[in-house]
Amino acid sequence: MSADSSQTILEVDGLKVYFPIISGLMRKVRGQVRAVDGVSFDLRVGETLALVGESGCGKTTTGRAILQAVQPTGGRITFMTREGDRVSTISAARDVQSIIRQEIQLIFQDPFASLNPRMTIFDIVADPLMANRLSRGRELEERVTEMLRLVGLSPDYMRRYPHAFSGGQRQRIGIARALIMNPRLLIADEPVSALDVSVQSQILNLMQDLQEQLDLTYLFISHDLSVVQYISHRVAVMYVGKIVEIAPTDDIFSAPKHPYTQALLSSVPIPDPEVRTRGGALEGEVADPANPPSGCYFHPRCPMAEEICRETEPPFAEVSPGHFSRCHFYADLDLPGVPE
Ligand code: SF4
């Protein structure tokens, strides 16, 4: 796999998504849940960037904001269209919005829940084109046939219903549905977490093949670091709405520069049956995004926390080219990674 570093397809700059906490008879706003709190990154054409973190860290909300499924509270999201125009996904005119909706598509998490059991495979895959009145008749059938072949399914089964297919086949159907709009950027939200391990690698291989064939870019949202290590070029680690570390995948896995990243890595299975654990597992609860701790949000769980961590928020500092960490002690950390 190789990413074209010369072309950026997406820029996320200072993205904030806050949800109001409303309570009482008068339905007053009592506070804010800071689901995404100043997230910035870019994505290059042909790249896979993984967004990782525990449940509730803001990774899915970040993906939903890019897909225009939630309204950001602040920040900018800029998308480069196929025509080469730089457009804001937040404030674009209606005609531009429809272009963005074609060029950015979603691969759902759960292939069992995301396919309507009352629709045939043909109707499911054709739905985005039909809903946008972009194709019909023979042309539509040919396009569905092409998409099913692309994801390794026989078009002979297009009149069947989802229950006739296995989990892996259903996820292939979901990918075919996402591809039929000819997108350039795919947001894949835990695309293999509901599948058996043996099937996971088949779907990941398919995604890699499609990426090369169609020049696709992926934002790959996952809590599973072993999957992320396999498929991504870069990894961004999120904690309580913020990116705490971002780096090329090899750097994250061989030399993490944030104690939270290292704690997540400690949960990656070790391929040696003699060794059961790497140690350094996460303790304590994730901080409340409605009432985060002072200073570094990770300090109540961090084994390396010192006084400054409780008082001062760490800057997002560059460790080495392309490797950034939000830890006061990034320069001195010598944390164990994951052996190849
Ligand atoms: Fe831990 Fe302090 Fe670094 Fe935060 S800034 S990760 S509390 S050492």
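Trainee: In this predicted model, why is helix 1 (residues 59–66) said to be largely enclosed by the rest of the structure?

Mentor: Buried here means under 20% relative accessible area. Among the residues of helix 1 that are buried are K59, T61 and T62, and G63, A65 and I66 are buried too. Helix 1 is therefore largely enclosed, as the count of buried residues is six of the eight.

Trainee: Which residue just after helix 1 takes a positive phi?

Mentor: Look just past the end of helix 1. The phi there is about 65°, and the residue is Q68.

Trainee: What should helix 5 (residues 167–179) span, at 1.5 Å a residue?

Mentor: Helix 5 has 13 residues. The expected span is 1.5 Å times one less than the number of residues.

Trainee: How many of the 13 residues of helix 5 are buried?

Mentor: The cover over its buried residues includes strand 6 (104–107), strand 7 (185–189), helix 3 (121–131), helix 4 (137–150) and helix 6 (197–214). Helix 5 is largely enclosed because the buried residues number twelve.

Trainee: Which are the edge strands of the open sheet of eight strands?

Mentor: The strand order is 6-7-8-3-9-10-12-11, with mixed pairing. An edge strand of this sheet pairs on one side only, and that holds for strand 6 and strand 11 (317–320).

Trainee: In strand 10, what is the bridge partner of Y239?

Mentor: Strand 9 (residues 234–239) and strand 10 (residues 242–248) pair in the antiparallel sense over six bridges. The partner of Y239 is K242.

Terms used: Residues numbered from 1 in each chain as written. Predicted model: local features only at pLDDT ≥ 70, side-chain atom pairs only at ≥ 80, totals over all residues. Heavy atoms only, no water. Buried < 20%, exposed > 50% of the residue type's maximum accessible area, 1.4 Å probe, protein only. Helix = DSSP H or I, 4+ residues; strand = E, 2+ residues; numbered from the N terminus. Contact = heavy atoms within 4.5 Å. Pairing = 2+ DSSP bridges.
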